[in-house]
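Let's take a friendly tour of a protein model and look at how some of its side chains meet. Have the sequence and the 3D view ready, and click on each residue as it comes up.

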Amino acid sequence: MNNTPEQRNARRPPARILQYNTGKSPTAFQVIQAAIPDTDANILLVQEPPLLNGTPPPLDDFHCFPSHKQACRAVTNVRKKAFKSTSVISDPHADFLVVSVTLHSKDHKPPTINIANCYNRLQNCNWRTRDQPTHSLDVLFHEIFALADLVAGDMNKHHPKWETGRQPSQWAQNLVDICNAANFRLAKTPNTFTSYAINNSRPVVLDLTFFNQEHITVRDWHTHLEHKALYHTPISYQAWPKIGTHQEYKGYNWKNTNWTQVAELLPTPEEVNMHDEQDFNHLYHRILRALRIGTPTKRVTKWSRPWWKPDLAEMHRIKNTTFRDFRAGRTDKHTYNRIRNAYLRTIRKATQEHWNTVVENTNPCSL
């Protein structure tokens, strides 16, 4: 029977996700409980859960992340026995506004999917002012998208990409730029409203889902107005992980930064007015945005070795071939030991030369 990675992946059950901002309402939390059987959800991403003595209400047959004894603004519930294991890949950010978890499949060692559940809280009351740093996660979005395969939650952002006719603020544009740079895609139908104010004002799009196109596929994204309570609408979708890969850690490839493009995006001296802390934050975010757009990302795996050379790859191949010959009795142990020791000595020399070079070229400006 052909058992290719693609076929094994096709048989893997997808993650069935239900996403909802309950607005701290016990009634809304009961609504999401009623929606679980209808959506057959095995993952719940809840923002602003109701708290009793600082603890979110438990759900039968679900594990809660973070633990029940921690007050939080974002809670991820995973159905028991739906996955081989679930682990938190990062400590919750900013008073538990982000919870990032890794779900491991039952039949594969690589992670099935990395999910970041976010609540982008408003920090002060002047949220109607454009280009005002009023949201709590703006400085963390680049970290969140680097860690996760799927980023979902109440983003509190207005942008024409998901809501036609909206004039984006700098902070909404910053979110879009980070998504594009990380190769994330919006998983929704534009102009599908997710929040309805009680005072009959204009409905808006606040609850968003982004996914990494290289790692997973998201389908069947839709809202459930029949289960709506208070402001927000429950959202359900399914995520199919692509061929399993090892854990990756992303970073910026500063060697390939397009400094010409970065310079064009930076403000001119005439535009820089430093009067208070808000002006400083505004300039700081403009610099960060320019660097993110002009700098490509790179992926560093646990097998990545900056000191690796082509001759080491050839020596590694010869060592493995000699070992197979030794096991089959086609060569003696002395020959295998000589080749193996030469390979290990070359590795030690390569690593020492690499780190000596790193230390010699390191200065306070490069740290």
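Below are some notes on aromatic rings, charged pairs and a surface patch. Keep in mind that you are looking at a predicted model. The structure holds 5 aromatic pairs, and the count of salt bridges comes to 6.

**Aromatic rings**

- A quick bit of background: a pair of aromatic rings is described by the distance of the centres and the angle of the planes.
- Start with W162 and F210, whose ring centres are 6.1 Å apart. Their planes sit at 75 degrees, and an angle over 60 counts as edge-to-face, so that is the label this pair gets.
- This pair links distant parts of the chain, 48 residues apart. You'll find W162 in the loop between β8 (150–154) and α4 (170–181), while F210 is in strand β10 (residues 207–212).
- Are these two residues buried or exposed? Both W162 and F210 are buried.
- Now compare F326 and Y336, with ring centres 5.9 Å apart and planes at 5 degrees. Planes under 30 degrees apart count as stacked, so this pair is a stacked one.
- F326 belongs to helix α7 (residues 310–327) and Y336 to helix α8 (residues 333–360), so the pair ties together parts that are 10 residues apart in sequence.
- The two partners fall into separate classes of accessibility: F326 is partly exposed, with a relative accessible area of 29%, whereas Y336, at 11%, counts as buried.
- Back to W162 and F210 for a moment: together with F145 and F184, they form one aromatic cluster.

**A charge over a ring**

- Which residue lies over the face of W240? That would be R219, at 4.8 Å from the ring centre.

**Salt bridges**

- The idea here is simple: side chains of opposite charge can pair when their charged atoms come close.
- E48 forms a salt bridge with R73, and their closest N and O atoms are 3.3 Å apart.
- Why do both E48 and R73 count as buried? Buried means under 20% relative accessible area, and E48 comes in at 13%, while R73 has 18%.
- R166 and E163 also meet through their side chains in a salt bridge, at 3.2 Å from N to O. R166 is partly exposed at 23% relative accessibility, but E163 is buried at 0%.
- One more to click on is the salt bridge between D325 and R330, at 2.8 Å from N to O. Here D325 is partly exposed at 22% relative accessibility, and R330 counts as exposed because its value is 60%.

**A nonpolar patch on the surface**

- Which residues form a nonpolar patch on the surface? They are V272, M274, F280 and Y284, and together they have about 360 Å² of accessible area.
- At 39% relative accessibility, Y284 counts as partly exposed.

Definitions and conventions:
Residues are numbered from 1 along each chain as its sequence is written. This is a predicted model: local features need pLDDT of at least 70, side-chain atom pairs count only at pLDDT 80 or more; totals for chains, interfaces and linings use all residues. Side-chain values use heavy atoms; hydrogens and water are left out. Patches are made of residues with over 30% relative accessible area and no salt bridge: like charges are joined within 9 Å, nonpolar side chains (Val, Leu, Ile, Met, Phe, Trp, Tyr) within 5 Å. Accessible areas come from the Shrake-Rupley method with a 1.4 Å probe; for residues, only the protein chains shown count as cover. A salt bridge is a side-chain nitrogen of Lys or Arg within 4 Å of a carboxyl oxygen of Asp or Glu. Buried means under 20% relative accessible area, exposed over 50%, partly exposed in between (1.4 Å probe, protein chains only). Rings of Phe, Tyr and Trp (its six-membered ring) pair if their centres lie within 6.5 Å; planes under 30 degrees apart count as stacked, over 60 as edge-to-face and the rest as tilted. Helices (H or I, at least four residues) and strands (E, at least two) are DSSP runs, numbered from the N terminus. A charge sits over a ring if NZ of Lys or CZ of Arg is within 6 Å of the ring centre and within 35 degrees of the ring normal.
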